[in-house]
Structures are given as C-alpha cells and as structure tokens.
Amino acid sequence: PVLRVAIMGLGSYGTRVAEAMQNCKRAKLVGVISGTPAKVKDWQAKYGIPKKNCYNYENYDSVKDNPDIDAIYVITPNALHHPAVLRIAAAGKHAICEKPMALNAQQGQEMVDACNKANVKLLVGYRMHFEPNTLEIIRMRNEGEFGKILFFEGLSGFKIGDPNQWRLNKELAGGGSLMDIGVYSINGARYMVGEDPIWVTAQETKTDPIKFKEGVDETILFQLGFPTGAVASCLSTYSMNHLDRFFLNGDKGFAELQPSTGYGPIKGRTHKGELTKPHVTHQTLQVDKMAGVILAGEQAVVPVDGVEAVKDLKIIDAIYEVCKTGAKKTLEL
Ligand code: NAD
C-alpha cells in the first residue's frame, strides 16, 4: 500500500515537499488544503490532483468522509499547527506536522492526546532523522566508536531577510530564531548525544530590537546537561549566516557535520575519516519512511513521533523561561 497524503499549506516548504514526494515509492501526494484557489489549480495540474481531494481552511473537516486520503501533512506557519492537528485527528486522518510541532509543550501534549484518542499517528517533520550521514554517526555512537560521549556543540542560524514575514511575527511564529532554526540544535543535541537532557540554562542577546520585537528572539545561547554527564553548548540566531554545524566529542573519537541540517548534501567527518554516504533528497527519504511508520508500524532509528516533539517543546519552554536571567532549570522530559 501507498500512503496517500494531502499537503496543507502550499508555501515554500510545502512546494519543496511536493517536489520531493514525486520520487517517493511508498507515499503519494493526492490532495491539497489551501486558502488560495489559484495555487490549488496549479497544483492540480502539476500533480494530477482530483477536485474532490482539494479543500480550503473552512471545509477541510469533511476530509473525514474522503476514503482516498490517509494523512495530512501540515506545512503552515507554526501557530497554525496545533489547531490543524486537532481538526485532522477529529477527522480520523493521520497527521504529519512540520517543526516546531507547536508553540509550547502544552499545545504539543494536546496534539499527542488528540491523535492518541482518535487512534491516528502524529509524526513530525524531523527530516534529519533519516539523513544517511547523520544515521552513520548514530550507528557509530551506538556501537561505542566514540567511547563515552562528553560534549556536543550545535550552531544553528541564518540571517533573516524581510522584517514583515510571519517568522518575525510572535503570534504566528511563537518566538524567533529558536522556534525556527534553534530547534535543529535542540533536537540535534538529543539525537547526537543519544540522551534526553536533565538541565538547561540560556542567555539571550538582541542587537536589533526594531526588527526582533518583544517575544521574537534574535540570538540565544543555551547549554544542556545530560544524565551520563555529557554537556551541550548551542547557538540559535537570526543574524548570522554560515551557522550550520554539529560537533560531537567522546573519549575515543569525534564526529562533525557541516552543513549539519541544511537541505544537503550533509557533509562531515569523524576521527576515522570522511563521511561518504550519498545524498538523497531529505524529504523523499523522510516521507517514504514515515509511510512505513504509519502503514506498517515500522520504527524510525530516531523516533519522529509527537512525543519526541513535546520533549523539544519542553526544552524550548524552559529556554524562553531562563534566557532572560541565565538561571539553570531542571528538565523533566
Ligand atoms: P511559507 O510562508 O513559505 O508558507 C506558509 C504557507 O502557509 C503559505 O502558503 C501561506 O499561504 C499558508 N498560510 C495558511 N494560513 C496562513 C496564515 N494565517 N498566515 C500566513 N500564512 C498562512 O512558510 P514555510 O517556509 O513553507 O514554512 C511552513 C512551515 O514549515 C513552518 O512551520 C516551518 O517551520 C516549516 N519548515 C520546515 C522546514 C524543514 O526543513 N523541516 C523547512 C522550512 C519550513
């Protein structure tokens, strides 16, 4: 069987996912949910989408009665993820939701609960969890090749343009760089170290309070501590380019990735040499593997379910709480 997917939100990333899905073997784009009729027409023509699988934001609850759509992939601005996933669950469809899954852990938990109650799956667009060089590092770590893991460094940032975009609007984005790009270092720290952190501390700095308004973070540094004693140091920013780097250090070796989370190719090396796994379009791999998780109950090497995303949201909540004062907070994930 093939997972029949409708995409909600036909913006820049939705477009990228749709292109990539053309090469999926276990999933197919069969529907759209959009507020823009002209885009729907274009997508219908390009992907052969039948009219009966096209919805807008007012009427998509009726997807409940459409047996030809299995899952809806939510690719809208962050604030719209939570209400959308609740409606998708109520319609009895599986949800794939972009990162960050929600604006805070409470919303995230409500999404997990709603999908559990409706007996549908909730997966999150953590595409790096399927990237071959990333998985090679995880394999090496699991086999002890780095020894005891001691340190992770994550640098996630880019210089953001247009000051009027939704990413700089607190209501739609839920914050600033941390919600959008810093989440890669948060999630990356967990899958690179292979543990969930037990404490966090953070510091915020802002050079442009006009562009980055109250509640929209420009730059945040944060540190995490892990149960076995490893520590992580991370930077999230909207005001520096060329920041896409992961470094993992253990007492027997190291791994580094740069770029570490961009669209690829992902490049890097370990103490044993260059990482050489060939590049595959991340979104093609991700949606294919997610089809296996949804249709066949397969497990991802690094889980991509809503429960995992709630952990990241708890870390985000804690960072926003402590970054004003630099206090250290215990985490219970
Ligand atoms: P975008 O602005 O390009 O697209 C957003 C789409 O949502 C647009 O088509 C817009 O019309 C639609 N939309 C629906 N309701 C809206 C509303 N009330 N206000 C504004 N737009 C509305 O954004 P994007 O870059 O495609 O990001 C969408 C989501 O995907 C975000 O959550 C983002 O974090 C995520 N994303 C993930 C990755 C990744 O690599 N996993 C990459 C980029 C974006």
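I began with Lys52, which is partly exposed at a relative accessible area of 49% (buried means under 20%, exposed over 50%, partly exposed in between, with a 1.4 Å probe and protein chains only). A note for myself: this is a predicted model, where local features need pLDDT of at least 70, side-chain atom pairs count only at pLDDT 80 or more, and totals for chains, interfaces and linings use all residues. Residues are numbered from 1 along each chain as its sequence is written, and side-chain values use heavy atoms, with hydrogens and water left out.

**Entry: Lys52 and its partner**

I looked up what Lys52 pairs with, and found a salt bridge to Asp68 at 2.5 Å, N to O (a side-chain nitrogen of Lys or Arg within 4 Å of a carboxyl oxygen of Asp or Glu). Asp68 is partly exposed, at 30% relative accessibility. Lys52 sits in the loop between helix 2 (37–47) and strand 3 (54–55), and Asp68 in the loop between strand 3 and strand 4 (71–74), so the pair ties together parts 16 residues apart in sequence. My helices (H or I, at least four residues) and strands (E, at least two) are DSSP runs, numbered from the N terminus.

**Entry: Asp180 and Arg167**

Next I checked Asp180, whose side chain meets that of Arg167 in a salt bridge of 3.1 Å, N to O. The pair links distant parts of the chain, 13 residues apart: Asp180 is in helix 7 (residues 177–193), and Arg167 is in the loop between strand 7 (149–157) and helix 6 (170–173). I have Asp180 down as buried, at 7% relative accessible area, and Arg167 as partly exposed, at 26%.

**Entry: a network**

I then searched the whole structure and got 21 salt bridges. Glu136, Arg139, Glu143, Glu145 and Lys272 are linked in a network of them. Within it, I looked at Arg139 and Glu143, whose closest N and O atoms are 2.7 Å apart. Arg139 is partly exposed at 33%, while Glu143 counts as exposed at 54%.

**Entry: helix 4 against helix 9**

Last, I turned to helix 4 (residues 105–118) and helix 9 (residues 306–322), which pack at about 170° with axes 8 Å apart. I take axes as lines fitted to C-alpha atoms over the stretch in contact, with angles from 0 to 180 degrees between N-to-C directions. That makes the two helices roughly antiparallel (over 145 degrees). Helix 4 makes the contact (heavy atoms within 4.5 Å) through Ala105, Gly108, Gln109 and Val112. On helix 9, I noted Gly306, Val307, Val310, Leu313, Lys314 and Asp317.

Terms used. Angles under 35 degrees count as roughly parallel, over 145 as roughly antiparallel, 65 to 115 as roughly perpendicular and the rest as oblique.
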